[in-house]
Amino acid sequence: MPASPSTARALNDRLALRLLQQEGPLTAGQLKQLTGLSRPSVADLVERLAAGGLIGVVGESGEQRRGPNARLYGIVADRAHLAALDVRTEGVTVVVADLLGSVLAEASVPIADETDTGPAVEQAVALVERTAKEAGVERLHTVGVGAPGLIDPATGELRDSTGLPAWHRHLAAALQERLAAHVVVENETNLAALAEQRDGAARDRDTFVLLWLGHGIGAAVVLDGVLRRGASGGTGEIGFLPVPGTGGLPSATDCEGGFHSLAGAAAIAELARRYGVVAPLAPHEPHAATLVREAVSRTSGPASGPTPGPASGPASGPAYGADPAAASVSVSVSASAAASEFLDVLADRVALGAASVIAVLDPGCVVLAGEVGRAGGEVLAARVRDRLGRMTPLPTEVRAGALGGGAVLRGALLVARDGAQDELFAPPEK
């Protein structure tokens, strides 16, 4: 059935707004060309959107002839304001932005482990209020929150998870009550995948898996352009994946003994110590990422061939993911060689988790994201790619994440922006 006139107008308005979002300010003539609509139809939609306060004249094009046809129309960025939060176990980072996603202010606050739930929630909410005030924003329309843990697919709320602070679960309700804003909560790794797909390493992929390597470890699965969460919201809890080389098995309440024990930040730091890779503590990133970056700087490029073991000790054990705890690196090995061996063993470990996901999903692309993934860059990605080429018959690209630890905050802002635009750009209810 053909669309009714009102439906057609709503669809045309929505198309024009999306084009203005993607392309930036456009003239009526450019809108006509990009939408394929007639000149009168474009004139009508421009008038409707301007009357609704969604678009306005933001300048003129560089054409010689001036006048109405040269006016540049753009989305009114301050029609609504957004906030995005990256919630970690040790604190919160927040950005406040306009409707186009342009950041107006950013701030962070540490929250100590021993802080009770009430004071912790108050610190986080007060940070959002203070940052909005500094940005000159009186009211927030939508708030996107990225946090570790499982999101209940039925309620959209964080589930009670062992090892995570209780204040995380209470934060969304407090934000909604205090700010009177729409609050959207999403798992941090899922948000990183969204950000890498929109603005980072997976821009040309509609099917891929993102491995988050940071303070913790996780995965996000995007299939045919859709983020997959699973029946209980647990898709990507790869830290619990049983793998060889850990000396144990994970449990329902503790990922120790799983893939987390091979590729989590603490495990990477311990591995670096064994290979003599040291680096000073750096603010705002896991020490594991600093150590990986230091190791990369000591090497001239990715290594190929089988993983060299430590300079002393037996050559037995599994080919991939073997824990070198029983052997020490010879003092005669150069710093560069030791750093290269450290990266080789780290690549072995990462490849174990990646290969397990590939065998089930065949995503064709794995993005190594998070602070550690970005620190390792192409040097680590190439090593993992080489190992996967020998471990699985399924062709798989391995890419270094482009956004690092900032991917979660960027993803939360994208979710907030999309939600606000979906509401504001929707046709008025009759």
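Modeller: Helices and strands are DSSP runs, of at least four and at least two residues respectively, numbered from the N terminus. The model is a predicted one. On that basis the protein has 12 helices and 12 strands, and Ala 180 falls in the loop between H5 and E7.

Colleague: What makes Ala 180 count as buried or exposed?

Modeller: Its relative accessibility is 52%, and exposed means over 50%. Ala 180 therefore counts as exposed.

Colleague: Where does Asp 224 lie, and why is it called exposed?

Modeller: Asp 224 is in the loop between strand E9 (217-223) and strand E10 (226-228). Its relative accessible area is 60%, and the cut-off for exposed is over 50%, so Asp 224 is exposed. Its phi is also positive, near 55°, in a residue other than glycine.

Colleague: How do you know that the span of helix H5 agrees with its number of residues?

Modeller: H5 covers residues 167-179, which makes 13 residues. The expected span is 1.5 Å times one less than the number of residues, so H5 should span 18 Å, and its end C-alpha atoms are 17 Å apart, which agrees. H5 also bends by about 25° at Ala 173.

Colleague: Which residues of H5 are buried, and what covers them?

Modeller: The buried residues are Trp 167, His 168, Leu 171, Ala 174, Leu 175 and Leu 179. An α-helix has 3.6 residues a turn, so residues three or four places apart point the same way. The cover over the buried residues of H5 includes strands E3 (81-88), E4 (91-98), E6 (142-147) and E7 (182-187), together with helix H4 (117-134).

Colleague: Why is helix H6 called largely enclosed?

Modeller: Buried means under 20% relative accessible area, and 10 of the 12 residues of H6 are buried, so the helix is largely enclosed by the rest of the structure. Among these buried residues are Glu 188, Asn 190, Glu 196 and Gln 197. The span of H6 (residues 188-199) should be 16 Å, and its end C-alpha atoms are 16 Å apart, which agrees.

Colleague: Is Glu 186 buried or exposed, and how do you know?

Modeller: Glu 186, in strand E7, has a relative accessibility of 9%. The cut-off for buried is under 20%, so Glu 186 counts as buried. Beyond its neighbours within four places in sequence, Glu 186 is in contact with Val 145, Gly 146, Ala 147, Ile 151, Leu 191, Leu 227 and Arg 229.

Colleague: What makes Ala 288 count as buried?

Modeller: Its relative accessibility is 1%, against a cut-off of under 20%, so Ala 288 counts as buried. Ala 288 is found in helix H9 (residues 287-298). Neighbours within four places aside, its contacts are Ala 265, Ile 268 and Val 372. Ala 265 is 23 residues away in sequence, yet 5.3 Å away in space, C-alpha to C-alpha.

Colleague: How many cavities does a search of the whole structure find, and what makes a space a cavity?

Modeller: A cavity is a set of points where a 1.4 Å probe fits but cannot get out. The search finds two cavities of 30 Å³ or more. The largest holds about 60 Å³; its lining includes Asn 187, Arg 228, Arg 229 and Glu 237, and divides into two nonpolar, five polar and three charged residues. The second largest cavity holds about 40 Å³, with Pro 148, Leu 164 and His 168 among its lining residues.

Colleague: What lines the second largest pocket?

Modeller: This pocket has about 640 Å³ of space. Of its 26 lining residues, the closest to its centre are Asp 86, Arg 88, Thr 93, Ser 108 and His 284. Strand E5 (103-110) is among the elements that give two or more residues, and E5 gives the most, with five. By class, the lining has eight nonpolar, nine polar and nine charged residues.

Definitions and conventions
Residues numbered from 1 in each chain as written. Predicted model: local features only at pLDDT ≥ 70, side-chain atom pairs only at ≥ 80, totals over all residues. Heavy atoms only, no water. Bend = angle between axes of the 7 residues up to and from the residue. Buried < 20%, exposed > 50% of the residue type's maximum accessible area, 1.4 Å probe, protein only. Contact = heavy atoms within 4.5 Å. 1 Å grid on protein atoms, 1.4 Å probe; cavity = no way out; pocket = protein on both sides within 12 Å on 5 of 7 lines; lining within 4 Å. Points joined across faces, edges and corners; volume = space filled by probe spheres on them. Nonpolar A, V, L, I, M, F, W, Y, C, P; charged D, E, K, R; others polar.
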